Amino acid sequence: MTAQTHVVVGYDFSQNARAALQRAVTHARAPRHVLHVLCVIDSRDPVPGIPAPGGVDHQYAARVQDVLVAEIQSELATSDDPTPVHFFVHARIGKPAPEILELAREIGADLIVLGNHGLTGLERLVIGSTSEKVVRDAGCSVEVVRVKQYRNVDLMDIVEVEPDREHPYIPPHRYVYEDHRVNLRPPEWPLY
């Protein structure tokens, strides 16, 4: 029997966390992958948008889990892919980096996926970066996800040029892997 691959996703309801969740869902579509989506709640500061009238406690963490399940369901519903996704939802009270690393250790994670908030300069020096701490201390691969900032670019067609003896040009080759073989694709074939 094939072992499962466990993917931990740090989630804090931010735009970058949503991007991390989207990326992790693509990982989870592969057979035998299991997501562990984790929201770490600061004991002094509730999650924005989820009120904590009684303070941050285990009942509040359970409420955060319910909201997180709805977020994950919404993300999964946007895809037409019928592949099942197996996941656990964790809500812990504490500091993000230590809690993410602890969950990864507890489940024997193969990958951690995090959003990056892009702290720079003084903010990073004073606050520190959760993703930076996790990358430094994790016992597995870590993927740091950012919301795409580049615009979509249509690549130009490859045009043959006259040979230049000083700077020879070797055109790129296109390949496809299918049926357990690597095949060279003619340049006129579209990539997809």
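## Meet Arg-92 and its surroundings

The side chains of Arg-92 and Glu-106 are joined by a polar contact of 2.6 Å; a polar contact is a pair of N or O atoms within 3.5 Å, where within protein one must be able to donate a hydrogen and the other to accept it, and residues adjacent in sequence count only if both atoms are side-chain atoms. This is a predicted model, in which local features need pLDDT of at least 70, side-chain atom pairs count only at pLDDT 80 or more, and totals for chains, interfaces and linings use all residues. Residues are numbered from 1 along each chain as its sequence is written, and side-chain values use heavy atoms, with hydrogens and water left out.

**The whole chain**

- The chain has five helices and seven strands; these are DSSP runs numbered from the N terminus, with helices (H or I) of at least four residues and strands (E) of at least two.
- Starting at the N terminus, the order of elements is β-α-β-α-β-α-β-α-α-β-β-β.
- Of its 192 residues, 33% count as buried (buried means under 20% relative accessible area, exposed over 50%, and partly exposed in between, with a 1.4 Å probe and protein chains only).
- Take the contacts (heavy atoms within 4.5 Å) between residues at least 6 apart in sequence: 66% of them join residues at least 24 apart.

**Around Arg-92**

- You can find Arg-92 in strand E3, which covers residues 86–93.
- Arg-92 counts as buried because its relative accessibility is 18%.
- Beyond its neighbours within four places in sequence, Arg-92 touches several residues, including Leu-38, Val-40, Glu-99 and Glu-106.

**Around Gly-108**

- Gly-108 sits in the loop between helix H3 (96–107) and strand E4 (111–115).
- With a relative accessible area of 44%, Gly-108 is partly exposed.
- Although 103 residues separate Gly-108 from Thr-5 in sequence, their C-alpha atoms are 9.0 Å apart in space.

- Tyr-175, Tyr-177, Val-182 and Leu-184 make a nonpolar surface patch of about 490 Å².
- Strands E6 (174–178) and E7 (181–185) each supply at least two residues of this patch.
- Tyr-175 belongs to strand E6, and Tyr-175 is exposed because its relative accessible area is 51%.
- Patch residues have over 30% relative accessible area and no salt bridge, with like charges joined within 9 Å and nonpolar side chains (Val, Leu, Ile, Met, Phe, Trp, Tyr) within 5 Å; a salt bridge is a side-chain nitrogen of Lys or Arg within 4 Å of a carboxyl oxygen of Asp or Glu.

Key. Accessible areas come from the Shrake-Rupley method with a 1.4 Å probe; for residues, only the protein chains shown count as cover.
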